[in-house]
Amino acid sequence: MPTRLASLVIDASDPATSAQFWYIMLGGTATPERDGSHRLVAPDVGGCGIDLVFVPAVGRKTGKNRIHIDLATESPHEYQVLTSLAVDVGAREVNVGQGPGVPWTVFRDPEGNEFCILEPGDLYNHTGPLAALVVDSADPPAMAEFWTAATGWPRLHADENAAALRSTETSGPWIEFLRVPEPKRGVNRLRFDIAPDPDDADSPVTRLLDLGAARPHSFPATGSGTVLLDPEGNEFRVLPARVRT
């Protein structure tokens, strides 16, 4: 696997407060970093190892995010507890166009980022608290093809309206691509970090460009690594390779 999904990066006006909120919702270990960001180190669920990294935001959130988090619950009681907890620690329930009777509740976290708490269901029985990272998409199958190559996660479902990847067939979260007609506007506040395999001699950036990624015309400074755009213009970063010793 030349590259793998390392983390989900989230812009925040107050990274420490955001990390604390998501620590309460997801668990893990929240730690400050030298650049002013805060990292929520994921519990080792299914070996997927997806951290959440909260970085200082440039500008305020405008419009609906194109990537959001889904949280899993394992029982009706846990669903009631988690939805109540979300409100108690600063989230607010919102309607973003979901119809009546859907098996989830939509919230905005204290930074205004949308997330969903899912009612219990078989599909998310063994994901751990993080059920899925959900991406708005104009062409879900094509996006799944690119991201399965970028992350090494196999594609387990695809049709014209939705596609999904998972690190294994039995545990860990999903990456889901859902058809959404609205186009992307502005820089995404939630973005993926991709880490290269230290044993891979080829350039991961060149490989991803060959797979359909592109270089952005401009992007705010993000520290080390290379920022690219996926085939639908979503920003992501390729982290520097770390040599094994």
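Let's start with two neighbouring strands: strand 3 (residues 38-41) and strand 4 (residues 51-56) run antiparallel and are joined by 3 bridges. Strands here are DSSP runs of E with at least two residues, helices are runs of H or I with at least four, and both are numbered from the N terminus. Two strands pair if DSSP finds at least two bridges between them. Look across from R39 and you'll find V53 in strand 4.

Before going on, a word on what you're looking at: this is a predicted model, where local features need pLDDT of at least 70 and side-chain atom pairs count only at pLDDT 80 or more, while totals for chains, interfaces and linings use all residues. Residues are numbered from 1 along each chain as its sequence is written, and side-chain values use heavy atoms, with hydrogens and water left out.

Back to R39, which is also the bridge partner of T31. That takes us to strand 2, which is joined to strand 3 by 4 bridges and runs antiparallel to it. The two make a hairpin with 5 residues between the strands, and there G36 takes a positive phi near 90°.

Now zoom out. These strands belong to an open sheet of 7 strands with mixed pairing, in the order 2-3-4-1-13-15-14. Strand 2 (29-32) and strand 14 (226-229) are the edge strands, each pairing on one side only. From one strand to the next, the twist averages 25°.

Head for the other end of that sheet. Strand 14 and strand 15 pair in the antiparallel sense over 4 bridges, with V227 and R237 as bridge partners. They too form a hairpin with 5 residues between them, and G233 in the turn has a positive phi of about 85°. On its other pairing, strand 15 goes with strand 13 in the parallel sense over 3 bridges, and here I194 stands opposite V238.

In a regular strand the side chains alternate between the two faces of the sheet. What about the two faces of strand 15: are they covered or open? Both are covered, with E235 and R237 buried on one side and F236 and V238 buried on the other. Buried means under 20% relative accessible area, exposed means over 50%, and partly exposed is in between, using a 1.4 Å probe and protein chains only.

Next comes helix 3 (residues 140-151), which lies across strand 1 (3-12), strand 13 (190-196) and strand 15 (235-238), running at about 110° to strand 1. For such angles, axes are lines fitted to C-alpha atoms, for helices over the stretch in contact, and the angles run from 0 to 180 degrees between N-to-C directions.

There's a second open sheet, with 8 strands in the order 6-7-8-5-9-12-11-10 and mixed pairing. Strand 6 (92-93) and strand 10 (155-158) are at its edges with a single partner strand each, so one side of each has no neighbour in the sheet. Helix 3 packs on this sheet as well, touching strand 9 (130-137), strand 10, strand 11 (162-166) and strand 12 (174-179), and its direction makes about 15° with that of strand 11.

Leaving aside neighbours within four places in sequence, A163 is in contact (heavy atoms within 4.5 Å) with residues including P140, P141, A144 and I175. The C-alpha atoms of A163 and P141 are separated by 5.7 Å, though the two are 22 residues apart along the chain.

Finally, the rings. Rings of Phe, Tyr and Trp (its six-membered ring) pair if their centres lie within 6.5 Å; planes under 30 degrees apart count as stacked, over 60 as edge-to-face and the rest as tilted. The count comes to 8 aromatic pairs. One of them is the edge-to-face pair of W22 and F115, 4.9 Å centre to centre with 75° between the planes. This pair links distant parts of the chain, since W22 sits in helix 1 (residues 15-26) and F115 in strand 8 (residues 114-118), 93 residues apart. Both count as buried: W22 has a relative accessible area of 2%, and F115 is at 0%. Ring pairs link W22 and F115 with F21 and F107 into a cluster.
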